Amino acid sequence: MDLNALFGAVGAAKSAVDLLKTSVAARDQAKADEAIADAKKNLAIAYDSLLSVSQQSLELYKQVASAEQRINELRQENQRLAAEIEDRKRYVLTDIGGGIKAYAFQPVDGESDAAHYLCQPCMAKGHKSVLQPHGPRRNFKCFACDSVYISEPLSAPSSPLPRTTNFWES
Ligand SMILES: [Zn+2]
């Protein structure tokens with residue numbers, strides 16, 4: 001933004017007007033005509049500079065408005081991600097039996113959500129899908145990606161498998 005050009009043109013126009021006043025006071029028509037022409041020329045320059053500054057101001061205003069909109073979008077995105085991180089902390093990758101892993105939700109005091117498991121592949125894609133009981137045994141199914149979690153072996157193992165707490169049985 002060329003504010004110096006604008007200030008220079010306004011200053012020159014003011015000087016020309018001052019010269020005009022002096023010429024009129026001295027009743028010097030030739031100097032008055034010259035001062036009028038000079039004032040007109042400098043006012044035209046000042047007007048052009050003012051127009052240019054106005055256009056640049058408008059462009060800057062648009063850029064500021066666009067930047068403010070982007071800042072608001074980033075703030076909202078930041079809040080969404082912070083909430084997602086807080087929610088993610090409520091889940092622990094757990095062996096639900098037979099080495100099968102799922103994200104377990106453990107309600108703490110005052111928590112209204114019931115204990116549940118989330119599908120690990122879906123969680124990796126950023127999608128929360130609650131596993132539903134499936135079949136006659138302690139198996140689960142994700143109805144988002146159709147993964148079936150078979151947490152009980154088909155035949156009894158020779159030694160018991162290490163198990164984690166199963167919320168569905170507690
Ligand atoms: Zn899934």
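**Notebook: strands, helices and salt bridges**

**Entry 1. A pair of strands**

I began with F105, which stands opposite H116 in strand 3. Before going on, I noted that this is a predicted model, where local features need pLDDT of at least 70, side-chain atom pairs count only at pLDDT 80 or more, and totals for chains, interfaces and linings use all residues. Residues are numbered from 1 along each chain as its sequence is written, and side-chain values use heavy atoms, with hydrogens and water left out.

Next I looked up what counts as an element. Helices (H or I, at least four residues) and strands (E, at least two) are DSSP runs, numbered from the N terminus. Two strands pair if DSSP finds at least two bridges between them.

Strand 2 and strand 3 run antiparallel and are joined by three bridges. I then turned to strand 1 and strand 2 (residues 100–105). They also run antiparallel, with six bridges between them. Which residue of strand 2 is the bridge partner of D95? I found K101 there.

Strand 1 and strand 2 form a hairpin, and two residues lie between them. I checked the turn as well: G98 has a positive phi of about 65°.

How much of strand 1 is buried? Buried means under 20% relative accessible area, exposed means over 50%, and partly exposed is in between (1.4 Å probe, protein chains only). Strand 1 (residues 91–97) is mostly covered, with five of its seven residues buried. For the protein, buried residues make up 23% of the 170 residues.

**Entry 2. The whole chain**

I listed the secondary structure: three helices and six strands. Read from the N terminus, the elements run α-α-β-β-β-α-β-β-β.

**Entry 3. Two helices**

How do helix 1 and helix 2 cross? Their axes come within 8 Å and cross at roughly 160°. Helix 1 is therefore roughly antiparallel to helix 2. Here axes are lines fitted to C-alpha atoms, for helices over the stretch in contact, and angles run from 0 to 180 degrees between N-to-C directions. Angles under 35 degrees count as roughly parallel, over 145 as roughly antiparallel, 65 to 115 as roughly perpendicular, and the rest as oblique.

The crossing of helix 1 and helix 2 is left-handed. That word applies if the near helix is turned anticlockwise from the far one by less than a right angle; clockwise makes it right-handed.

I sorted the residues of this contact: 20 are nonpolar, three polar and two charged. Ala, Val, Leu, Ile, Met, Phe, Trp, Tyr, Cys and Pro count as nonpolar, Asp, Glu, Lys and Arg as charged, and the others, Gly among them, as polar.

I also looked up Q56, which lies in helix 2. Q56 is partly exposed at 29% relative accessibility.

**Entry 4. Salt bridges**

How many salt bridges are there? A salt bridge is a side-chain nitrogen of Lys or Arg within 4 Å of a carboxyl oxygen of Asp or Glu. By this rule I get 10 salt bridges.

One of them joins the side chains of D18 and K14 at 3.4 Å, N to O. Both sit in helix 1 (residues 3–25), four residues apart, so about one helical turn separates them. D18 is partly exposed at 33%, while K14 is exposed at 53%.

D87 forms another with K128, and their closest N and O atoms are 2.7 Å apart. This pair links distant parts of the chain, 41 residues apart. D87 is in helix 2 (residues 29–88), and K128 is in the loop between helix 3 (120–124) and strand 4 (132–134). D87 is buried at 19%; K128 is partly exposed at 41%.

I followed these two further. D87, R90, D113 and K128 are linked in a network of salt bridges.

D146 is exposed at 52%, but K141 is buried at 17%.
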